[in-house]
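This report covers a helix contact, a ligand shell and a set of paired strands. The sequence and structure come first.

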Amino acid sequence: MRLRSRVIVLASLVFLLPIAAAADDGPTLYKQLCESCHEAGTERAPSRDVLRAMTPERVLTAMETGPMLSMAAGRTGVERRAIAEFVTGKSFAQALSTTPSPQSMCKAGGEFNPLAGPRWSAWGVNTSNTRYQDAAMAGLTAADVPRLRVKWAFAFPGELSVDSQPTVAGGRVFAGTQSGAVYALDAASGCVRWMFQAAAAVRAAVSVGRIDTRSGQRLAAFIGDRSGNVYAVDAGSGELLWKRLVDDFPFARVTGSPTFHNGRLYVGVASGEDANQLLISFHHQYGSHSSITHPGGGLRDAGTRRQGHRVLISNEVGHVTH
Ligand code: HEC
């Protein structure tokens, strides 16, 4: 019996390893992601000694644009660099910059009015999740589409990919990144209005809504991260209004875009496992919340929509009605 419980403890330690690795824990990440091939004589895989002779820049390139792209997929820039430094035993000549350069920041503040100009202010556009934008709101017609030209491009510092759908409101573009940095860019010029650092990757679209706070009404940008946190930040300034861990399950991740309606925020939370997907709804002001567990289907790219008094959650396997 005692042996059995030790085995269980060991097994759960192994299970927990992926989340135990700190972002800059090169040895642990290397063990998890690389060692199985590079120290087992896998065909063509350079041995550890060969890797050690490389520059960290070359190892990083292998992970960012080369043959090891899929091996380090989903890792942040900081993590990939930690692996490269560990495996070569050398440091990068240049430190990684994960903050936008001073030149990329917008000059003047500019009032934020979410109702001005075209908007796509949540994953599904509206609470019916139509994902439809008419020509008047879009500011262009279908005939204009072939004539569109690139107006600006913004390189997210230290990021390889940005998975969250951009949200547009009040002349700003909101987007979350793999490292958890959430940006509000000026829609006209691409300059950075503000940057907010969440605790983990943000892949769910940001949504925008008006909430009551102790200091009056505020326009909030709602952000969900891969550690189960939801944040409301001031959409105009990026200041944190509140943060809440919506589910303390170790692998809980907010993959569905938060949907705001009538003073409530509906948040789809995936458990990180196959079953037990959770829907949490809670009131933004008092923090009370209720949660419902239902099985089946991931909540990737999920949107929540309202129908009468019911909330429909769309997920990978279709619609779940609650
Ligand atoms: C599934 C097995 C496997 C895993 C896991 C793996 N590699 Fe590789 N790696 C290979 C093979 C095979 C090659 C040779 C690729 C080729 O020749 O096209 C290679 C090549 C490389 C190279 C050489 C690229 C160059 O510039 O020549 C580097 C560096 C590298 N891997 C680093 C890593 C790192 C870092 C990790 C962990 C994040 C990793 N690998 C995980 C199998 C693997």
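The sections below describe selected features of this predicted model.

## Contact of α2 with α6

Helix α2, residues 26-33, packs against helix α6, residues 77-88, at an angle of about 90 degrees. The two axes are 8 Å apart. Angles of 65 to 115 degrees count as roughly perpendicular, so α2 is roughly perpendicular to α6.

On the α2 side the contact is made by Gly-26, Pro-27, Leu-29 and Tyr-30. Helix α6 contributes Glu-79, Ala-82, Ile-83, Glu-85, Phe-86 and Val-87. By class, the residues of this contact are seven nonpolar, one polar and two charged.

## Shell around the ligand

The ligand is surrounded by 22 residues, of which Cys-34, Cys-37, Ala-45, Ala-62 and Met-71 are the closest. Two or more residues each come from α3 (35-38), α5 (56-64) and α6. Helix α5 gives the largest share, four residues.

Sixteen nonpolar residues would be written here as a class count: the shell has 16 nonpolar, four polar and two charged residues.

## Strand β7 and its partners

Strand β7 spans residues 229-234, and five of its six residues are buried. Strand β6, residues 216-224, pairs with β7 in the antiparallel sense over five bridges. In this pairing Phe-222 stands opposite Ala-232. The two strands form a hairpin with four residues between them, and Gly-228 in the turn has a positive phi of about 85 degrees.

Strand β7 is also joined by five bridges to β8, residues 240-245, and these strands run antiparallel. Here Asn-229 stands opposite Leu-245. The hairpin of β7 and β8 has five residues between the strands, with Gly-238 at a positive phi near 85 degrees.

Terms used. Residues numbered from 1 in each chain as written. Predicted model: local features only at pLDDT ≥ 70, side-chain atom pairs only at ≥ 80, totals over all residues. Axes fitted to C-alpha atoms, helices over the stretch in contact; angles between N-to-C directions. Parallel < 35°, antiparallel > 145°, perpendicular 65-115°, else oblique. Contact = placed C-beta atoms within 7 Å. Nonpolar A, V, L, I, M, F, W, Y, C, P; charged D, E, K, R; others polar. Near = placed C-beta within 6 Å. Buried ≥ 20, exposed ≤ 12 C-beta atoms within 10 Å, placed from the backbone. Pairing = 2+ DSSP bridges.
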